[in-house]
Amino acid sequence: MPQTILVVDDDPSFNNMLSAFLKRNNFHVNSVFSSASALASLSEQTPDLVLTDFKLPDMDGLELMREIKDRAPNASMILMTNYSDVRTAVKSIQLGAFEFVTKPVNPDELLLTVNAALKQSTKSDINQPSEAKSLGKQKAVSDRKYIVGRGAKARQTWEHIQLVAPTKMGVLILGESGTGKEYAAKMIHESSKRSNEAFAAVDCGALSKELAASELFGHVKGAFTGALADKKGQFELANGGTLFLDEVGNLPYEVQVQLLRALQEKKIRKVGSEKDIDVNVRIIAATNERMAEAIDEQQFRLDLYHRLNEFELKLIPLRERIGDLDEYLTHFLEEANAELEKAIKGVSPEVNAVFQQYSWPGNLRELRNVVRRAALLCQVEEIGLAHIPSTLVEESRSEEQEASASTNGYDLKNMQEHREKETIERVLMEVRYNKTKAAELLNIDRTTLYNKLAKYNIKA
Ligand SMILES: Nc1ncnc2c1ncn2[C@@H]1O[C@H](COP(=O)(O)OP(=O)(O)OP(=O)(O)O)[C@@H](O)[C@H]1O
């Protein structure tokens, strides 16, 4: 049966063109022109994939994604943006999007992304966390290539992974989005004594309060409306193996209590059940670095934090270890060449200069996407400036200019503003664009924050 794609774009000619293209590629397409119609259509049919524009007349694409995540958690999502604005894109990934594509859309790139998203969504169906979601028992150790990097910090991270992997210790991985937290967790699992058992991953940030307990611990038939059959939770599915809890800081407080019990007593109870089930699961959790604030604000339990944090692993943003970029670049290019059946040899010196200068807010994931997209567009042996998003070139140039102004010691105002803009952007990303929290952390009121967002043209 063809898979269903919901296309949401208010530009009629683009919407029609895109829908026709997807139909030609054997998808069943439902196209709508606003968020309201998109949400209305969900009550009739749950699509396998939603392909939405960022700029919509009634609600922006990110808000729409939030709504869809609640109403149709199994639908995979791809955001299309005009801006090749990686900050919007990073946000969309945090909201559970599989990927983002930039307009003008390249048909081959789109098809590749759509197919990958659909493949992944069949693997990780949230409502049916069958064994398929975990890597599966008896799985042989994969041939995943963990790139270490040359810098001292990167080598230390690798040593820590090797040291902690064979132990029973719970690990808390800290790092910005895209720094490789899940990748490191899988590496720890694969280097551990549990490597032949299951590895399951749960994105706690994407779970609603209602879903969280059932997803982790399972439920019995009739436990709540919609619980039509008994369901195993990820703890049971990962029994004997490793459970990776991504964005653990976002777990609802009540569920934190149950998680603590699972860790302390090694027992879980399904929602609606009165029977305990013994579990033996190693927990690797990950979060952004604002955990301390969450604890201060009593949104995260200190006792649970200590339980999870038997060993802490900090992953460094790519911009702070730019010397490692070359190695990742070579690796991602090899991956892209294999996937796209190409033989691209490398990047031009100009592209290399841009890569070295750019701030990579989306970290390794962003680099991987940029390389993969460039490889797709590139018809020659070397990736040039034309193959990478122009925003990368522009941003890296302005950073270069600011850096040179600051080294010359003039334009103090410009330097201060640049720093202010960067700080606001970073804090916003860390608090997942919650403006009240951002204003609190920045120690300014919300009106001042809004004024600064407008001044610096930050889309939040
Ligand atoms: N050490 C590594 N070697 C090779 N590739 C890596 C490594 N670390 C990360 N990657 C690549 O970077 C991508 C992003 O990594 P990952 O999904 O683990 O990031 P993350 O920190 O968990 O992101 P998020 O917080 O947004 O969930 C992965 O798809 C993987 O391909």
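Reader: How many bridges join β3 to strand β4 (residues 76-81)?

Author: The two are joined by 5 bridges and run parallel. Strands pair if DSSP finds at least two bridges between them, and β3 and β4, with 5 bridges, are therefore paired. T52 stands opposite L79 in β4. This is a predicted model, in which local features need pLDDT of at least 70 and side-chain atom pairs count only at pLDDT 80 or more, while totals for chains, interfaces and linings use all residues. Residues are numbered from 1 along each chain as its sequence is written.

Reader: What makes the β-α-β crossover from β3 to β4 right-handed?

Author: The chain passes from β3 through helix α3 (residues 61-71) to β4. A crossover is right-handed if, with the strands pointing away from the viewer, the path from the first strand over the helix to the second runs clockwise; this crossover is right-handed. Helices (H or I, at least four residues) and strands (E, at least two) are DSSP runs, numbered from the N terminus.

Reader: Which strand is joined to β3 by 4 bridges?

Author: Strand β1 (residues 4-8) is, and β1 and β3 run parallel. L6 has V50 in β3 as its bridge partner.

Reader: Why is strand β3 (residues 49-53) called largely enclosed by the rest of the structure?

Author: A residue is buried if 20 or more other C-beta atoms, placed from the backbone, lie within 10 Å of its own. In β3, 5 of the 5 residues are buried, so the strand is largely enclosed. L49, L51 and D53 cover one side, and V50 and T52 the other. Across the chain, 37% of the 460 residues are buried.

Definitions and conventions
A residue is buried if 20 or more other C-beta atoms lie within 10 Å of its own, exposed if 12 or fewer, and partly exposed in between; C-beta atoms are placed from the backbone.
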